[in-house]
Amino acid sequence: MSTMATITEPEKAVRLARAIASDISLYNEEKIVEGIQNDTFFDAVAAELEEGRELYKSRVEPPLFASTTFYDRAIADIILRSKGHIESRIW
């Protein structure tokens, strides 16, 4: 049984974070749209965001995880920025 090596390179960590954010966006479109419309985005997808964060954390070396905001930036860039057309009080 082989175990997957943890990520030590920032570029790979960014790619992983963006892939996780893309999956969250793809599989939770309705929740995300409603959350943005109702200004409850982070509550609406809290479980999904936490599950994604735990996956990311499990795959990235602890010092790299602790010293970067790649996952949070991916959530903003991949999910929120792409939904800027949705009517909301947030923007």
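Predicted model: local features only at pLDDT ≥ 70, side-chain atom pairs only at ≥ 80, totals over all residues.

I started with Tyr 27, which sits in helix α1. Buried or exposed, this Tyr 27? Its relative accessibility is 65%, over the 50% cut-off, so Tyr 27 counts as exposed.

Next I stepped back for the overall picture. How many helices and strands does the protein have? I count six helices and zero strands, and reading along the sequence gives α-α-α-α-α-α. The C-alpha trace spans about 45 × 25 × 15 Å along its principal axes. The protein has 91 residues, and 34% of them are buried. For the accessible surface I wrote down about 6,000 Å², with 53% of that belonging to carbon and sulfur atoms. I also looked at contacts with a sequence separation of 6 or more: 69% of them are between residues 24 or more positions apart.

Then a helix pair. Two packed helices are described by the angle between their axes and the distance between those axes. I picked α1 (residues 10-27) and α4 (residues 46-59), which pack at about 155 degrees with their axes 10 Å apart. An angle over 145 degrees counts as roughly antiparallel, and α1 and α4 are therefore roughly antiparallel to each other. Their crossing is right-handed.

Which residues meet there? From α1 I listed Ala 13, Leu 16, Ala 17, Ile 20 and Ile 24. On the α4 side they meet Glu 48, Leu 49, Gly 52, Leu 55, Tyr 56 and Arg 59. Sorted by class, this contact has eight nonpolar residues, one polar and two charged.

Glu 48 lies in helix α4. Its relative accessible area is 15%, under the 20% cut-off, so Glu 48 is buried. What is Glu 48 in contact with, leaving aside neighbours within four places in sequence? I found Ile 24, Asn 28, Lys 31 and Tyr 71.

Last, I went past the end of α6 (70-80), to the segment where Lys 83 has its place. Lys 83 is buried, with a relative accessible area of 7%. Not counting residues up to four places away in sequence, Lys 83 touches Ser 25, Glu 29, Ile 32, Ile 36 and Trp 91.

Gly 84 is also in the segment after α6. Its relative accessibility is 41%, between the cut-offs of 20% and 50%, so Gly 84 counts as partly exposed.

Notes:
Residues numbered from 1 in each chain as written. Heavy atoms only, no water. Axes fitted to C-alpha atoms, helices over the stretch in contact; angles between N-to-C directions. Helix = DSSP H or I, 4+ residues; strand = E, 2+ residues; numbered from the N terminus. Parallel < 35°, antiparallel > 145°, perpendicular 65-115°, else oblique. Left-handed = near helix turned anticlockwise from the far one by under 90°. Contact = heavy atoms within 4.5 Å. Nonpolar A, V, L, I, M, F, W, Y, C, P; charged D, E, K, R; others polar. Buried < 20%, exposed > 50% of the residue type's maximum accessible area, 1.4 Å probe, protein only. Areas by Shrake-Rupley, 256 points an atom, 1.4 Å probe, with all protein chains shown as cover.
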